[in-house]
Amino acid sequence: MAAAMSLAYAVPSSLFVNPITHRLGILRPLINSPLIIFNQWLISYSSNRSLPLHTRTPSLSIINKATSSFGYNAEASAPPPTSAYIHLPFCRKRCFYCDFTIVALGTGDFPQNPQGSQHDPRMENYTKLLCREITAMGTASIPRAPLETVFFGGGTPSLIPASLLSNILECLKKHLGLKPMAEISIEMDPGTFNAETLREFMDLGINRVSLGVQAFQENLLRSCGRAHGVAEVYEAIEIMHSSGLRNWSLDLISSLPHQTVENWEQSLQQAIESRPTHVSIYDLQVENGTKFGLWYKPGVYPLPCEDTSAEFYKMASLWLQEAGYGHYEISNYAKEGFECRHNLVYWQNLPYYGFGLGATSYVGGLRFSRPRRMSEYAAFVEELEAFGKLQKGDVAVTCNSRDVAMDTVMLSLRLARGLNIQMFSRVFGQSLCMSLCRGLKPFVGSGHLIVLDEERRPLSAEIFDYLCNGSAQEEVLPQHFSQRNIAEEDDELLCRDRQPDLDEVEESFVNGANQVAFIRLSDPEGFLLSNELISTAFLAISG
């Protein structure tokens with residue numbers, strides 16, 4: 001189970017983030033903001049375990065329907081989901097940083113053979129409930145397309161017997177469809193599986209593993225309450241290599257208690273030497289209600305200070321890219337062709353199913369979170385079976401297109417690809433796009449935001465200034481184009497030779513502004529400043 005990442009998103013009332021420790025992927029309490037509607041669905045949205053955007057909040061069922069005063073309608077525009085997140089909440093124990101929706105089985109349940117000879121009745125009953133939900137959704141009158149990605153998250157899904165996983169996959173195939181080359185991922189923790197277990201999973205069609213290593217130091221693993229030790233880490237890595245599975249990810253956590261720069265260097269080096277095709281780096285999130293929340297305060301010893309946390313991030317970005325891993329998302333690195341297709345669905349704001357305790361779906365323009373308590377989840381499934389569709393539950397929220405635009409900006413800027421500014425303008429309107437660009441203009445000038453053309457070639461800050469101003473005002477043009485900086489003794493002819501005609505300059509800037517296609521955060525400095533940057537973007541859009 002991965003730790004919560006941080007990312008500086010200026011969202012929502014009680015969920016603003018700390019400017020440094022939480023610039024890399026998640027929300028935390030800090031200040032108030034007027035963006036209440038967006039906050040409420042984000043609370044629901046982020047409950048899926050496979051997202052590095054791990055916000056955990058009290059149980060809340062929410063439906064958000066995106067409508068628009070600008071003519072944009074999410075329900076009408078949304079294609080059928082082709083991805084499904086399956087939440088398997090079972091763990092041996094709760095880690096000290098964890099506030100995820102889990103069911104702790106106890107470490108004594110799996111002394112030698114993690115799979116055991118018999119099914120735990122809690123797992124069996126939950127799997128049946130899960131399949132009932134999938135079946136009910138499969139019979140609902142909504143457009144459907146075969147699944148292209150499936151992600152088993154938790155919890156620790158590797159504790160689930162292969163026979164129960166098989167039941168879930170067969171249910172998905174029967175009621176939703178599954179493409180032959182679908183990416184099927186599962187989270188696995190060291191010490192919860194052996195070579196036979198992994199082979200059984202692969203025989204079911206599982207073709208991608210996310211391995212929750214978290215650290216390569218025994219004391220750090222103990223300090224965060226992990227159920228495995230370093231010996232199990234190396235054993236699990238060896239099982240990965242011997243299995244022949246190429247598509248596997250290794251997860252690490254930075255900013256752990258007592259973690260030093262030397263510790264982090266060692267973990268990065270060991271991760272690279274382990275040769276996974278994907279690496280996820282999560283910055284520790286100290287959540288209320290967890291043991292860490294009782295023991296520690298972010299940035300205060302024994303947790304690293306904010307400058308050290310930022311240094312950890314920079315080091316990971318440098319080392320992993322030098323080792324051939326593309327930094328394709330704010331917390332994820334991959335060898336070419338091994339980006340996580342399922343998580344890209346989230347970052348691209350595409351529809352997806354969510355099944356299981358606390359999971360969130362995005363179907364037909366609606367975002368809906370399931371209950372976090374097992375009894376309430378069982379009642380939810382019964383209601384779904386009875387009515388054949390999602391019900392509004394306790395809270396209904398209607399979002400206008402500005403809220404959907406905020407969503408698009410936040411998710412897109414997590415990616416190295418960035419925000420498609422031309423598409424944003426077409427979908428949400430030129431006026432909203434211009435407000436966004438003007439708000440972000442200072443970050444282009446500072447180098448924290450990069451402007452690209454359709455061929456992903458950098459464009460100058462002056463070009464972006466011109467786009468934001470909308471005309472060739474003198475203050476927009478470069479000084480050497482708009483003013484004569486020629487010595488007084490230069491004659492008129494020489495001055496004309498050195499100074500292009502302003503009409504030609506304006507035409508050049510118009511052409512340049514028309515080429516603006518993407519904006520993206522610089523790496524790593526832009527990612528580290530994403531709190532302030534995205535806060536500014538949200539204020540520009542909401543204004």
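Mentor: In this predicted model, helix α14 covers residues 421–428 and helix α15 covers residues 430–446. Two packed helices are described by the angle between their axes and the distance between the axes. The axes of α14 and α15 come within 7 Å and cross at roughly 135°. Angles over 145 degrees would count as roughly antiparallel, and 65 to 115 as roughly perpendicular. The two helices α14 and α15 are therefore oblique to each other.

The contact can be read residue by residue. From α14 come Ile-421, Phe-424, Ser-425 and Phe-428. They meet Gln-430, Leu-432, Cys-433, Leu-436 and Cys-437 of α15. Sorted by type, the residues of this contact of α14 with α15 are seven nonpolar, two polar and no charged.

Next, the strands around this part. Strand β16 covers residues 419–420. It belongs to an open sheet of three strands, ordered β16-β18-β17, with antiparallel pairing. At the edges of this sheet are β16 and β17 (449–452), each of which pairs on one side only. Strand β18 consists of residues 518–521, and two bridges link β16 to β18 in the antiparallel sense. Within that pairing, Leu-419 has Ile-519 of β18 as its bridge partner.

The chain also holds another open sheet, with nine strands in the order β10-β11-β9-β8-β7-β6-β5-β2-β12 and mixed pairing. Strands of a sheet pair through backbone hydrogen bonds, either parallel or antiparallel. The edge strands of the nine-strand sheet are β10 (326–329) and β12 (353–355), and each pairs on one side only. From one strand to the next, the twist averages 20°.

Strand β11 covers residues 332–334 and runs antiparallel to β10, with two bridges joining them. Glu-329 stands opposite Asn-332 of β11.

Strand β6 (residues 178–188) is parallel to β7, and four bridges make up the pairing. There, Met-188 has Leu-211 of β7 as its bridge partner. On to strand β8 (residues 248–254), which also pairs with β7 in the parallel sense over four bridges. Here the bridge partner of Gln-214 is Leu-252 in β8. Strand β9 (residues 278–283) is parallel to β8, with six bridges between them.

In β7 (residues 208–214), seven of the seven residues are buried, so the strand is largely enclosed by the rest of the structure. Both of its faces are covered: Arg-208, Ser-210, Gly-212 and Gln-214 lie on one side, Val-209, Leu-211 and Val-213 on the other, and all are buried. For β8, seven of the seven residues are again buried, so it too is largely enclosed by the rest of the structure. Trp-248, Leu-250, Leu-252 and Ser-254 point one way from β8, while Ser-249, Asp-251 and Ile-253 point the other way, and all of them are buried.

Cys-95 is buried, with a relative accessible area of 6%. Cys-171 is in no disulfide either, as the nearest cysteine sulfur, that of Cys-131, is 4.2 Å away. With 8% relative accessibility, Cys-171 also counts as buried.

Finally, the chain as a whole. It contains 21 helices and 18 strands. Of its 543 residues, 59% are buried. Among contacts between residues at least 6 apart in sequence, 73% join residues at least 24 apart.

Definitions and conventions. Residues numbered from 1 in each chain as written. Predicted model: local features only at pLDDT ≥ 70, side-chain atom pairs only at ≥ 80, totals over all residues. Heavy atoms only, no water. Axes fitted to C-alpha atoms, helices over the stretch in contact; angles between N-to-C directions. Parallel < 35°, antiparallel > 145°, perpendicular 65-115°, else oblique. Contact = heavy atoms within 4.5 Å. Nonpolar A, V, L, I, M, F, W, Y, C, P; charged D, E, K, R; others polar. Buried < 20%, exposed > 50% of the residue type's maximum accessible area, 1.4 Å probe, protein only. Disulfide = S-S within 2.5 Å. Pairing = 2+ DSSP bridges.
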